[in-house]
Amino acid sequence: MTDKEILQKLKKIVTPYVQNEEGLNDFDETTDFLNDLKINSANLVDVILDVEDEYKIEIDNDSMNGMLTAGDARKIIQRKLRNE
Amino acid sequence: MLDYGIDHPGKWGRTFKIIFVNFQEILSRLPYSEPFLFVDSIEYLDENSVIGHYCFPEKAYYYKGHFKNKPITPGVLLTECMAQIGVVCLGINLLGIKNDETPAIAMTSTEIDFFLAVQPGETVKVVSHKLYFRFNKLKCKVEMYNRDENLIARGNISGMLKDN
């Protein structure tokens with residue numbers, strides 16, 4: 001899976017939870033879930049659970065805490081997929 | 001769990017854990033008081049579900065205004081009752097707080113359908129099942145029944161819970 005494919009999938013996953021829809025227009029690696037998309041912390045949990053379902057991975061507390069931007073999420077997904 | 005389990009020898013050589021939960025301890029850790037406490041008692045509680053009861057007092061102040069000359073329990077208070085029993089009581093149990101602290105809590109989402117009205121003085125039963133508890137978010141499927149076991153309301157409620 002390329003970086004671009006994962007980012008596209010991530011965009012789709014976060015869309016139902018986004019409060020600031022303008023933030024989706026330039027969705028990229030630097031997009032910050034809380035600040036740019038105004039996703040609240042409760043819905044961020046749902047994003048993580050949807051990511052887990054989509055990629056059949058398990059995300060631990062430490063990974064969750066480091067998942068501030070789409071780029072962070074993409075890296076964590078790839079790391080988990082490589083089973084590291 | 002708040003209290004301690006014991007290993008109990010079951011049939012066919014299996015052992016299973018019997019958990020004792022001190023319901024009173026859970027009630028005393030609820031971060032609410034009159035006039036905004038909507039839990040009277042807990043009938044059942046484990047790590048996945050809870051059953052509790054509450055009687056909406058006939059003389060409660062809100063019946064004067066909801067509605068004018070036609071007192072009916074506000075849906076928002078039914079929702080609050082479902083959240084206090086179904087999410088907060090269960091959440092306190094899941095956090096397993098050992099000291100006297102009450103957890104920091106915030107309701108984050110409710111999606112409730114209502115089927116029956118609740119009259120002043122009615123006692124309701126709330127039944128809640130955990131859907132998940134991850135990253136401090138507890139999401140539950142919660143139902144409310146009247147004395148005749150008819151469904152009053154049903155839906156999903158989520159909250160964030162954290163040890164203080």
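B:Tyr132 has B:Lys139 of S7(B) as its bridge partner, in a model that is predicted, where local features need pLDDT of at least 70, side-chain atom pairs count only at pLDDT 80 or more, and totals for chains, interfaces and linings use all residues. Residues are numbered from 1 along each chain as its sequence is written, while chains are lettered from A and ligands numbered from 1 in the order in which they are written.

S6(B) and S7(B) pair in the antiparallel sense over nine bridges, where two strands pair if DSSP finds at least two bridges between them. Helices (H or I, at least four residues) and strands (E, at least two) are DSSP runs, numbered from the N terminus. The hairpin of S6(B) and S7(B) has two residues between the strands, and B:Phe135 there takes a positive phi near 50 degrees.

## Strands S7 and S8 of chain B

Strand S7, residues 137-145 of chain B, is also joined to S8(B), with antiparallel pairing over nine bridges. B:Lys137 stands opposite B:Met160 in S8(B), and B:Tyr145 stands opposite B:Leu151 in S8(B). Between the strands of the hairpin of S7(B) and S8(B) there are five residues, and in this hairpin B:Glu149 has a positive phi near 65 degrees.

## The sheet and the whole of chain B

In chain B, six strands form an open sheet with antiparallel pairing, in the order S3-S4-S6-S7-S8-S5. Strand S3 (41-45) and S5 of chain B are at the edges with a single partner strand each, so one side of each is left without a neighbour in the sheet. On average, neighbouring strands of this sheet are turned by 20 degrees against each other, direction ignored.

Chain B has two helices and eight strands, which follow the pattern β-β-α-β-β-α-β-β-β-β along the sequence. Helix H2 of chain B, residues 75-95, lies across S3, S4, S5, S6, S7 and S8 of chain B and runs at about 45 degrees to S8(B); axes are lines fitted to C-alpha atoms, for helices over the stretch in contact, and angles run from 0 to 180 degrees between N-to-C directions. Of the 164 residues in chain B, 27% are buried, a residue being buried if 20 or more other C-beta atoms, placed from the backbone, lie within 10 Å of its own.

## Helix H2 of chain A

Helix H2 of chain A (residues 41-55) has 15 residues and reaches 21 Å from its first C-alpha to its last, close to the 21 Å expected at 1.5 Å a residue, where the expected span is 1.5 Å times one less than the number of residues. Among the buried residues of H2(A) are A:Leu44, A:Val47, A:Ile48 and A:Val51, and just after H2(A), A:Lys56 takes a positive phi of about 55 degrees.

Residues 4-81 of chain A carry the annotation "domain: Carrier" from an unreviewed UniProt entry; the position is given in the numbering used here, the feature name is shortened, and such annotations may be inferred rather than shown by experiment. Over residues 4-81, chain A is 55% helix and 0% strand, with the end C-alpha atoms 16 Å apart.

## Where the chains touch

H2(A) lies across S5, S6, S7 and S8 of chain B, running at about 95 degrees to S8(B). The contact takes eight residues from chain A and seven residues from chain B, where two residues are in contact if their C-beta atoms, placed from the backbone, lie within 7 Å. On the side of chain B that touches chain A, strands S5 (104-114) and S8 (151-162) each supply at least two residues.

Definitions and conventions
Buried ≥ 20, exposed ≤ 12 C-beta atoms within 10 Å, placed from the backbone.
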